[in-house]
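Hi,

Here is the two-chain structure I promised to send over. Have a look first, and then read on for my notes.

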Amino acid sequence: MKHLPKHLRPRWRYVAVGIETWSDAEIGRRAFQRALWYSAGNLLGDAGSADADLTLLSFAHADGTGEAVVRVRHGHVDDARAAIACVSEVDGEPVGIRVRGISGTVRACEERYMGRATPSSTQRDVAFEGAERSATVRGDACDVRAESGRVGATTFDTE
Amino acid sequence: MYEAVHAYPDGEATVARHAATAARHGYDGIVVRSRDALDPAGNGGKSPGDRGSIAADRDESPVRDPDALREEYGIDVVDAVEIDADDPTSASGAVGNYRSDRTVVCVVGGDDALNRFAVEQARVDVLVRPTADGGDFNHVLAKAARDNGVRVEFDFGPVLRATGGKRVRALADLRKLREIVGHYDAPYVVSANARSHLELRAPRKLVAVGEAIGFDAEAVREGLRAWGDLVERNRERRSEAFIEPGVRRGRYEEDGC
């Protein structure tokens, strides 16, 4: 199909999203996209959701941390931000979400907000609540396996 | 802006993890609602009575000292307590117990008698989750809350995390609460009621969610700032120089008269 004339092309904003999960959680691109659309549909309705678009352009997730670029129609960024904030779990795994920034081009978005080196994670035993427990340590963050389930701690807690 | 969180053992993340995440999100401080998560401030790091004093002696994990956490993460960490009682009588006892050693005292609402009790007690700082579990809020409570300076919480938790009918009911309750509180100018706070670091959301996102469900953007910001104002006021009241509102001990001009 022929390109639209420039003044009729939709204008986009690209939202850089940082993702955090428990270290043993695995979330996939399709699941994340589904969660995004689902949350937008629920919060904004079908009409608002179609306006905001929220197409996932790139996605990466490993070791409990990830990032994504979400395409949003210009002028609906606030709606999109609200919908993104309402993504609380993907495939049953709780996720923490942070908007790192917004750009007008994919390239600027990637250069400015993406590909931050994340410290690699290691498995080791840490002292927590007076006992040795296995934990996954990534930078300052430290996900401990306790009797009550997973506990998010920091290295400041365990050292 | 401040956010009030549930920390381990009540929630799934320790105070330190909450503080680290909140600092990244751009908050100025966190109010820790869980009773067992922090040592009360202002006692030289030692808590009176129960279990805190034993823990304070050794190198503890998770960290329970608000001052150490404040220094490590560069944001304010406030000791608070959430009183979840079955009836007003036991709530009243608990408020009396905790008022003197916690900076912020919240009462969990959710039933009509407790909501009524909380807004009529000037000793209570915040009535949290007033409409959860079928509790109701009306103009009488709003007026009492305004007169006693008790803040009413708008709980964004179910909006962010629930789905379906539960969420619809939460939204309907929020709208009703918003209309009543707005009409009587009762003080309020806003919180996402995060139980883990993953449930924390940045202030700007809470504002966006608030706007999407009908709140004024400035009202949500005001509600997040209100935690900070509350903390500042209570810290001043607990300081030694404070006698009563308008009267404080301090230096004065000696050669004036």
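Chain A has four helices and nine strands (helices are DSSP runs of H or I with at least four residues, strands are E runs of at least two, both numbered from the N terminus). A word on the source: this is a predicted model, where local features need pLDDT of at least 70 and side-chain atom pairs count only at pLDDT 80 or more, while totals for chains, interfaces and linings use all residues. Residues are numbered from 1 along each chain as its sequence is written, and chains are lettered from A and ligands numbered from 1 in the order in which they are written.

**Chain A overall**

Going along the sequence, the order of elements in chain A is β-α-β-β-α-β-β-α-β-β-β-β-α. Its C-alpha trace spans about 65 × 30 × 25 Å along the principal axes. Of its 159 residues, 39% count as buried; buried here is 20 or more other C-beta atoms within 10 Å of a residue's own, exposed is 12 or fewer, and partly exposed is in between, with C-beta atoms placed from the backbone. If you take the contacts in chain A with a separation of 6 or more, 58% of them link residues 24 or more positions apart (a contact is two C-beta atoms, placed from the backbone, within 7 Å).

**β3 of chain A and its partners**

Strand β3 (residues 65–73) of chain A has seven of its nine residues buried, so it is largely enclosed by the rest of the structure. It pairs with β1(A) in the antiparallel sense over nine bridges (strands pair if DSSP finds at least two bridges between them). There, A:Val15 has A:Val70 in β3(A) as its bridge partner. The hairpin of β2(A) and β3(A) has two residues between the strands, and A:Asp63 takes a positive phi near 55° in it.

Helix α2(A) is mostly covered too, with seven of its nine residues buried. Among them are A:Asp79 and A:Arg81.

**The four-stranded sheet**

Still in chain A, four strands form an open antiparallel sheet in the order β6-β7-β8-β9. β6 and β9 stand at the edges with a single partner strand each, so one side of each is left without a neighbour in the sheet. On average, neighbouring strands are turned by 35° against each other, direction ignored. Six bridges hold the antiparallel pair of β8 (residues 141–146) and β9(A), and A:Val144 has A:Val151 in β9(A) as its bridge partner. Helix α1 (residues 15–25) of chain B packs on this sheet, where it touches β8 and β9 of chain A and makes about 60° with the direction of β9(A). For angles, axes are lines fitted to C-alpha atoms (for helices over the stretch in contact), and values run from 0 to 180 degrees between N-to-C directions.

**Where the chains meet**

The contact takes 31 residues from chain A and 28 residues from chain B. On the chain A side, the largest share, six residues, comes from β9(A). That side divides into 14 nonpolar, eight polar and nine charged residues. (Ala, Val, Leu, Ile, Met, Phe, Trp, Tyr, Cys and Pro count as nonpolar, Asp, Glu, Lys and Arg as charged, and the others, Gly among them, as polar.)

**Some spots in chain B**

β1(B) and β2(B) run parallel and are joined by four bridges, with B:Glu3 opposite B:Ile30 in β2(B). From strand β2 (residues 29–32) of chain B, B:Gly29 and B:Val31 point one way and B:Ile30 and B:Val32 the other way, and all are buried.

Where does B:Gly11 sit? It is in the loop between β1 (2–5) and α1 of chain B, and it is buried, with 24 other C-beta atoms within 10 Å. B:Gly11 is 183 residues from B:Ala194 in sequence, yet their C-alpha atoms are 8.1 Å apart. Leaving aside neighbours within four places in sequence, the contacts of B:Gly11 include B:His6, B:Ser34 and B:Arg195.

Lastly, helices α9 (residues 203–212) and α10 (residues 217–238) of chain B have axes that come within 8 Å and cross at roughly 135°. Residues meeting there include B:Leu206 and B:Val207 in α9(B) and B:Val220 and B:Leu224 in α10(B). The residues of this contact divide into six nonpolar, one polar and two charged.

Cheers
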